[in-house]
Amino acid sequence: MSENVRHTSGFDVVKPLSITTLIVVMLPLVLLPLASIFIFGTSSGLASFWAALAAPEASFALQLSIVTSFWATIFNVVFGLFAAYVLSKYNFWGRNALIVTISLPTAIPTAVAGFALLLLWGPYGTLGRLLEPHGIQIMFTAAAIILANIFVTFPLAFGVIKPVFDTMSKSLEEASATMGATRWQTFWHVTLPSLRGAIVGGALLTFARSVGEFGSTILVSGNLASRTQTAPLYIFAKFNEGQVEAANAIAIVLALFSFAIFSILFFARDWLETE
Amino acid sequence: MQMNTTITAVSVRNVSKKFGAATVLEDINFDVGEGEIIVLLGASGSGKTTILRIIAGLEMPDSGEIILHGKDVSRLPARERGTGVIFQSYALFPKMNVEQNIGYGLRLRKKPKADIAKKIDELIELIGLQEHRKKSPSQLSGGQQQRVAIARALAYQPEVLLFDEPFGALDAQIRTRLRREIRALLKKINVPSIFITHDQEEALELGDRIAVLNQGKLEQIGTPFEVYNKPETEYVATFVGAANLLLGVVFERKISLGKIFLEMPEDSANFRNGQSVKIVFRPEDVFLRQPENLTQNYQKLATGIVEEINFVGAFERVVVRLDLSEKPPIIVTRPKTETVAFPLTIGQEVNVGLVRFRVLPNFTLASERAGRTV
């Protein structure tokens with residue numbers, strides 16, 4: 001008891017000490033690198049920052065990133081929802097193997113993912129070889145970037161949605177069925193509303209991860225300016241060319257963008273769950 | 001079998017079900033009358049939930065039929081049967097408020113909006129939740145959620161209401177109050193209802209009739225009075241209320257318990273001479289007196305020695321070891337009037353009389369079970 005009293009009434013030196021340690025550790029590892037992007041990007045004035053952003057190649061890269069990420073997100077959320085439904089609802093032989101397989105892309109280095117896609121869809125790849133005579137080329141186009149984004153972010157939405165399915169009471173669906181609902185009506189009116197938070201969360205995660213994807217995109221896209229160059233590839237290219245301001249402007253946009261997405265995830269989660 | 005009316009609302013006919021190698025239900029038959037409340041009573045694993053799910057269409061029987069108001073629905077999916085299920089967890093839709101939950105069944109049936117609104121108003125008034133109509137289920141107490149679940153099922157005029165252990169999640173005091181409220185409500189709206197429970201007190205208070213299930217078989221179905229006072233099997237006797245069991249042998253319409261002979265009660269089945277039987281009696285059907293004072297209203301069972309006396313609030317619980325060949329102990333409960341009129345002490349010799357007892361065939365010959373008290 002006496003120890004408890006000391007903790008509550010006396011000055012607790014552990015609290016300020018631990019908070020300071022936390023910040024001191026994070027400073028050089030996370031906070032300062034982020035800060036330096038902003039400090040450097042705005043050091044020569046906002047005008048040059050806007051000019052760097054307004055360059056046609058830069059705005060194209062940003063747009064391409066957003067569009068390809070959007071389609072990858074749509075696909076992975078819809079597929080993740082479907083996969084989570086099937087794998088939560090039905091028990092079948094090989095179910096666990098399938099769950100592991102879906103989750104696998106998170107553990108594979110992104111460069112390996114890009115390489116794997118090249119081997120399959122590239123001009124000499126297993127499938128690419130069959131498509132080429134018909135004039136269909138997947139690699140080194142926006143489609144390749146979408147494919148790479150899909151591959152790399154494949155398990156994210158699934159991983160957020162499935163636990164919600166797993167904990168959802170089976171009696172909700174049964175109640176709906178006894179009240180006269182078809183499976184589709186039950187899914188639409190009962191199941192889906194309960195998944196809203198998980199769907200939005202999964203989508204934001206997928207989108208954020210897609211926008212930042214580099215390792216696989218650089219292999220499959222061809223990295224052609226104003227054609228297949230995404231924002232991260234643009235940063236890399238400009239940095240290599242020594243145009244640090246141009247690279248930095250896009251870096252600021254991407255950093256702010258990630259910050260916004262994770263703020264939504266953090267602050268809107270309660271709202272999404274309860275409303 | 002008594003029924004409130006002659007109309008049969010639900011018929012369960014020869015229903016059997018296996019899960020893998022395990023037989024869950026074996027040839028179950030019973031009817032539910034219009035407006036009648038039937039309670040399926042059994043321990044966990046007795047198959048009572050499976051019967052409910054089969055009636056609702058959430059489970060298919062291996063054989064047998066379910067007939068709702070004359071229509072064979074055995075092959076229909078749950079959504080075409082029109083039953084109203086009140087789940088133990090209530091299963092209210094968390095993203096819908098009270099009104100939306102109640103109106104859901106009507107919206108699915110594409111009823112006009114005005115009709116739905118009117119019906120919702122009626123039902124919300126019936127369950128007395130006028131001030132809570134816009135609340136989400138998580139903002140309601142357990143009892144309120146349950147009333148919403150009932151209103152939600154009543155909205156589309158179900159063929160039958162099926163209650164899956166509806167009071168299981170509530171604490172004891174609320175449980176008693178709610179089951180009275182719900183029984184009163186069901187009697188008012190006159191909808192046939194089937195409850196399942198493992199709580200015998202709940203069954204006795206709720207049901208017009210009780211069906212006792214044991215390991216997938218229907219042991220007995222009857223009014224609470226019949227099931228309690230005239231149990232047809234040892235299982236029913238011991239599961240519904242406490243019971244003392246003694247082994248005996250039939251001889252010329254009498255039962256021999258060693259040197260003692262008891263007159264066979266008039267409503268007993270026919271037993272042949274020499275047949276092994278069990279006599280079953282409730283702790284409250286035993287009367288204890290001084291050896292010389294046992295009046296003629298009771299059949300004398302034996303003399304015995306008081307071994308244990310426990311005060312259990314409303315009554316006294318006494319263990320008496322009988323002076324029979326195997327010296328079986330029996331349990332006796334005595335109301336306050338008795339404990340005042342005839343106080344007992346441990347070690348005292350008493351005369352043991354029976355107010356009422358049942359005679360059941362003894363299928364198991366395990367004589368060591370004879371003195372068992374459950």
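Reader: Is B:V350 buried or exposed?
Author: The model is a predicted one, in which local features need pLDDT of at least 70, side-chain atom pairs count only at pLDDT 80 or more, and totals for chains, interfaces and linings use all residues; side-chain values use heavy atoms, with hydrogens and water left out. Residues are numbered from 1 along each chain as its sequence is written, while chains are lettered from A and ligands numbered from 1 in the order in which they are written. Buried means under 20% relative accessible area, exposed over 50%, and partly exposed in between, with a 1.4 Å probe and protein chains only. Because its relative accessibility is 0%, B:V350 counts as buried.

Reader: Which strand of chain B holds B:V350, and how far in space is B:V350 from B:L288?
Author: Helices (H or I, at least four residues) and strands (E, at least two) are DSSP runs, numbered from the N terminus. On that basis B:V350 lies in strand β19, residues 349–354. Contact means heavy atoms within 4.5 Å, and B:V350 touches residues including B:L288, B:A302 and B:F342. B:V350 and B:L288 stand 62 residues apart in sequence, yet their C-alpha atoms are separated by 6.2 Å.

Reader: What share of the residues in chain B is buried?
Author: Chain B contains nine helices and 20 strands, and its C-alpha atoms fill a box of roughly 80 × 45 × 35 Å along the principal axes. Among its contacts between residues at least 6 apart in sequence, 67% join residues at least 24 apart. Of the 374 residues in chain B, the buried share is 53%.

Reader: Which side chain of opposite charge is nearest to B:K17?
Author: B:K17 is in strand β1, residues 8–19, of chain B. Its side chain reaches the backbone oxygen of B:M60 at 2.7 Å. A salt bridge is a side-chain nitrogen of Lys or Arg within 4 Å of a carboxyl oxygen of Asp or Glu; for charge, Lys and Arg count as positive and Asp and Glu as negative, while His and the chain ends are not counted. B:K17 is buried and has no salt bridge, and the nearest side chain of opposite charge, 4.1 Å away, is that of B:D62.

Reader: How does B:N14 count by relative accessibility: buried, exposed or partly exposed?
Author: Most residues other than glycine have a negative phi. B:N14, found in strand β1 of chain B, has a positive phi near 50°. Because its relative accessibility is 37%, B:N14 counts as partly exposed.

Reader: What is the phi of B:E165?
Author: B:E165 is found in the loop between β7 (161–164) and α5 (172–189) of chain B. At 13% relative accessibility it counts as buried. Its phi is positive, near 40°.

Reader: What is the area buried between chain A and chain B?
Author: The contact takes 23 residues from chain A and 23 residues from chain B. Buried area is the accessible area (1.4 Å probe) that two parts lose on being put together, summed over both. Carbon and sulfur atoms give 62% of the area buried between these chains, which is about 1,800 Å².

Reader: Which residue of chain B forms a salt bridge with A:E174?
Author: The count between chain A and chain B is one salt bridge. In that pair the closest N and O atoms are 2.6 Å apart, and the partner of A:E174 is B:R53.

Notes. A polar contact is a pair of N or O atoms within 3.5 Å; within protein, one must be able to donate a hydrogen and the other to accept it, and residues adjacent in sequence count only if both atoms are side-chain atoms. Lists of a residue's contacts leave out its neighbours within four places in sequence.
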